Amino acid sequence: MTRPTDRPLASVLEAMGDTPLVELARLTRGLNGRVLAKLEYLNPGYSKKDRIARQMIEEAEAAGALRPGQTVVELTSGNTGTGLAIVCGVKGYPFVAVMSAGNSMERARMMRALGAEVVLVDQQPGSRAGQVSGEDLALVEQAAQRITAERGAFRCDQFRLAGNFNAHCLHTGPEFIRQSGGALDAFCDFAGTGGSFAGCAAALKDHDPAIRCYVVEPEGAAVLAGQPVTQANHRIQGGGYAMSHLPLLRPEQVDGYVQVSEAEAIAMTRRLAREEGLFAGFSAGANVAAAVRLLTTTMPGATVAVLLSDSGLKYLSTDLWD
Ligand SMILES: Cc1ncc(COP(=O)(O)O)c(C=O)c1O
């Protein structure tokens, strides 16, 4: 989407997407290759998930699957919920966000401020706050299903709805191509639902099948790469749930897998802030760490595209920032 800038926008929904692409020239100094980062934290809800919220709701409206005034329910780590709170608020749908109590509390407060009802689901016994596992998420899923049935709601299921894939295939991926002048060699992305990876990979490979696309996973929970789970809990919020099947992910699009440790992701997120002035979340650090790994191993000289998926402001209550 090319955003018109010479007139007032009809609503904040038109301000979603079309984010800047920045070369990480300081961070990659001395390395052979380039990393281009898309500033998704500049979306109105401070994450890339605004894009899918708008796309999923508008596709449901067009298909008649969502009635005027019907309640919308979704399981969220906070970002999709924030996007949906904005979209539903503007369009007049009540919205219930179902979230693990293990996610940072800025997210719940922001969703409430935007008019959402937030239901927090306790973690499994033994799980730690700030470390949401696939098992914790299974509890959130059960609660989301129950609330959807109780309220006769529309379940805006980001793990399954094509709108998640389409938002990135129709917009994020083509923006990467346009903004880079088409000169990309690789894309790597930390997977939660896998929607960003799948949508961007489809658009990038459609443009040039030689662009290599890598799934990024946390070390110790790299099930998509076929590895055993040795550490299900980690601090890279928004993904790495060790779910071996992601409905939106198409295995034929995956050229490889990169594992990033929690410590590497955190160190790189801090470097992004200090050296590039880019204040992003844990998964942004994971993506950039993976891109740097590609430049220093299998893809020297390459130009690698990544998403800085959400804002560092969402983690002020965590130990990401000291
Ligand atoms: C901060 C953050 N990074 C990465 C992801 C993963 O994105 P996707 O669900 O498109 O795989 C999410 C998803 O919630 C997220 O919130």
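1. How far does a polar side-chain atom of Lys48 lie from an oxygen atom of the ligand? The distance is 2.8 Å, within the cut-off for a polar contact (a pair of N or O atoms within 3.5 Å). The protein buries 99% of the 390 Å² that the ligand exposes when taken alone (accessible areas by the Shrake-Rupley method with a 1.4 Å probe).

2. The model is a predicted one, in which local features need pLDDT of at least 70 and side-chain atom pairs count only at pLDDT 80 or more, while totals for chains, interfaces and linings use all residues. Residues are numbered from 1 along each chain as its sequence is written, and side-chain values use heavy atoms, without hydrogens and water.

3. Two further residues approach oxygen atoms of the ligand. For Thr193, a side-chain N or O atom is 2.7 Å away from one; for Ser196, a polar side-chain atom lies at 2.6 Å.

4. The ligand is surrounded by 17 residues (a heavy atom within 4 Å). Lys49, Gly192, Thr193, Ser196 and Ser283 are the closest. This shell comprises 11 polar, three charged and three nonpolar residues, with Gly counted as polar.

5. Four aromatic pairs are found in the whole structure (ring centres within 6.5 Å). Phe282 and Tyr315 form an edge-to-face pair, with 5.1 Å between centres and 90° between planes (edge-to-face means over 60 degrees). Phe282 belongs to helix H8 (residues 282-296) and Tyr315 to the segment after strand S10 (303-308), so the pair ties together parts 33 residues apart in sequence. Helices (H or I, at least four residues) and strands (E, at least two) are DSSP runs, numbered from the N terminus.

Key
A polar contact is a pair of N or O atoms within 3.5 Å; within protein, one must be able to donate a hydrogen and the other to accept it, and residues adjacent in sequence count only if both atoms are side-chain atoms. Rings of Phe, Tyr and Trp (its six-membered ring) pair if their centres lie within 6.5 Å; planes under 30 degrees apart count as stacked, over 60 as edge-to-face and the rest as tilted.
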